Amino acid sequence: FFKDSSIVHNPTLINIFYTTGGTMTKLNHPTSGYNQLWRSNAYDSAASLASIFENPRVHTGKGYRKAAKAVRGCVKCGQEKNRGDFSNNQWRKGQGESKCTTCVQSQRGRNNGTGPSNEIRWESIVGSIMCDAEECHNTCSTVRCESCLMVYYCSESCKSRHQREHFHECMDVEEMRFRHQICGSDVNIRSGLCNAKPSTLSHMKGQAMSTQLSGDQTVDALLLQAEYIHQTDENWGRALQLYHNIMIASYEMEDHNEMATPSQWRQVWMGMSRCCFELGLYDECIDAGKAAIEMNRHFPSVRRYIALAQSAKGDHAEAVATLKHAVLYEAPWCDETIQRNKALLTVESSYLS
């Protein structure tokens with residue numbers, strides 16, 4: 001850490017991250033004013049590091065990715081396309097959620113405000129799930145709780161038998177939808193997937209940077225940094241390492257009040273799932289995603305990177321089964337999540353036809 005104390009107002013700050021070769025410089029830029037600049041792999045020797053201290057604005061040519069060469073599949077048409085074929089907002093959403101500009105414009109023209117065009121119905125895919133009644137392992141669960149729409153049964157008798165247990169956790173889906181619409185909150189906040197809306201993402205990154213600069217090492221602060229600094233910067237390796245550090249620190253904490261909560265553990269596992277996917281560690285991605293499902297099987301997009309990893313491995317049948325579960329279980333009160341999962345299921349199903 002370096003601070004130029006000779007400047008009273010807007011001093012130059014330089015943070016060096018020796019494990020990743022990254023830097024953070026905060027200074028008064030000629031065009032954008034006093035703000036922060038982050039670069040990963042910004043130096044590889046003492047000489048190149050010294051040049052940053054001599055001139056914090058120096059361009060080492062090592063910390064910037066050539067985005068134009070990046071390739072990603074469009075969730076709508078399923079085609080691999082270059083970075084330039086996506087808008088900035090769509091690209092920030094990440095793999096498995098981005099739509100190319102052509103598909104976005106085409107969908108606007110078709111829908112024209114009439115609503116989603118994907119009409120997959122839950123009745124057509126329930127054959128893939130197991131009855132939620134205790135000690136019943138029947139499949140083809142065609143009866144579901146009409147209040148929460150999140151649990152399924154093979155028969156009315158199983159539904160009645162499970163009612164007393166389910167009553168305490170049952171939520172009215174219409175009330176949940178109303179709360180979601182009134183609050184207007186982004187369901188993707190603190191998901192671990194770094195897929196929040198651009199306006200929300202910018203705000204959360206500001207919070208994460210504040211915790212990093214203050215030296216905050218709480219679980220909550222580290223989760224913010226992993227998701228909204230390193231994942232936002234596509235530094236997947238560093239984010240994954242930070243998630244591992246959170247796990248180790250939580251296990252070693254003697255004060256139970258400082259240990260990770262179930263919600264934070266779900267966030268860790270989902271974050272690890274995305275990082276492993278982006279690094280090509282598909283088996284590890286699937287394992288981490290399944291651990292997140294154990295924490296909360298109804299959380300929005302908790303199965304997304306499991307399905308994407310299965311698809312990348314060529315296991316399209318497994319990916320389709322995972323996405324059917326996503327449509328059936330995940331956030332039935334959030335139309336955005338429902339349509340996203342249906343779109344992914346449609347694309348993945350096309351590989352089996």
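Helix α7 (residues 219-231) and helix α9 (residues 262-278) cross at roughly 25°, and their axes come within 11 Å. The two helices are therefore roughly parallel, since angles under 35 degrees count as such. The model is predicted. Its chain has 353 residues, and buried residues make up 46% of them. The secondary structure comes to 13 helices and eight strands.

**Helix α7 against helix α9**

- Two packed helices are described by the angle between their axes and the distance between the axes.
- The crossing of α7 and α9 is left-handed.
- On the α7 side, V219, D220, L223, E227 and Q231 make the contact.
- On the α9 side, the contact is made by Q264, Q267, V268, G271, R274 and C275.

**Helix α8 against helix α9**

- Helix α8 (residues 236-252) also packs with α9: the axes come within 9 Å and cross at roughly 150°.
- An angle over 145 degrees counts as roughly antiparallel, so α8 and α9 are roughly antiparallel to each other.
- This crossing of α8 and α9 is left-handed.
- From α8, the contact residues are W236, A239, L240, Y243, H244, I246, M247, S250 and Y251.
- From α9, the contact to α8 is made by W265, Q267, V268, W269, G271, M272, R274, C275, C276 and E278.
- Q267 of α9 is listed in the contact with α7 and in the contact with α8.
- V268, G271, R274 and C275 of α9 likewise take part in the α7 contact and in the α8 contact.

**Aromatic pairs**

- The structure holds three aromatic pairs.
- One of them is Y152 with Y329, an edge-to-face pair at 5.7 Å centre to centre, with 80° between the planes.
- This pair links distant parts of the chain, with Y152 in strand β8 (residues 152-153) and Y329 in helix α12 (residues 316-329).
- Y152 and Y329 are 177 residues apart.
- Both Y152 and Y329 are buried.
- F277 and Y282 form a tilted pair, 5.7 Å centre to centre, with 50° between the planes.
- F277 has 9% relative accessibility; the cut-off for buried is under 20%, so F277 counts as buried.
- Y282 has a relative accessible area of 27%, so it is partly exposed.

**A charge over a ring**

- The charged end of R266 sits over the ring of F299.
- The distance from that charged end to the centre of the F299 ring is 3.6 Å.

**The loop at D186**

- D186 lies in the loop between α5 (173-183) and α6 (198-214).
- Is D186 buried or exposed? D186 is buried, because its relative accessible area is 7% and the cut-off for buried is under 20%.
- D186 and A196 are 10 residues apart along the chain, and their C-alpha atoms are separated by 6.7 Å.
- Leaving aside neighbours within four places in sequence, D186 is in contact with A196, K197 and T200.

**Contacts across the chain**

- Consider contacts between residues at least 6 apart in sequence: 49% of them join residues at least 24 apart.

Conventions:
Residues are numbered from 1 along each chain as its sequence is written. This is a predicted model: local features need pLDDT of at least 70, side-chain atom pairs count only at pLDDT 80 or more; totals for chains, interfaces and linings use all residues. Side-chain values use heavy atoms; hydrogens and water are left out. Rings of Phe, Tyr and Trp (its six-membered ring) pair if their centres lie within 6.5 Å; planes under 30 degrees apart count as stacked, over 60 as edge-to-face and the rest as tilted. Helices (H or I, at least four residues) and strands (E, at least two) are DSSP runs, numbered from the N terminus. Buried means under 20% relative accessible area, exposed over 50%, partly exposed in between (1.4 Å probe, protein chains only). A charge sits over a ring if NZ of Lys or CZ of Arg is within 6 Å of the ring centre and within 35 degrees of the ring normal. Axes are lines fitted to C-alpha atoms, for helices over the stretch in contact, and angles run from 0 to 180 degrees between N-to-C directions. Angles under 35 degrees count as roughly parallel, over 145 as roughly antiparallel, 65 to 115 as roughly perpendicular and the rest as oblique. A crossing is left-handed if the near helix is turned anticlockwise from the far one by less than a right angle, and right-handed if clockwise. Contact means heavy atoms within 4.5 Å.
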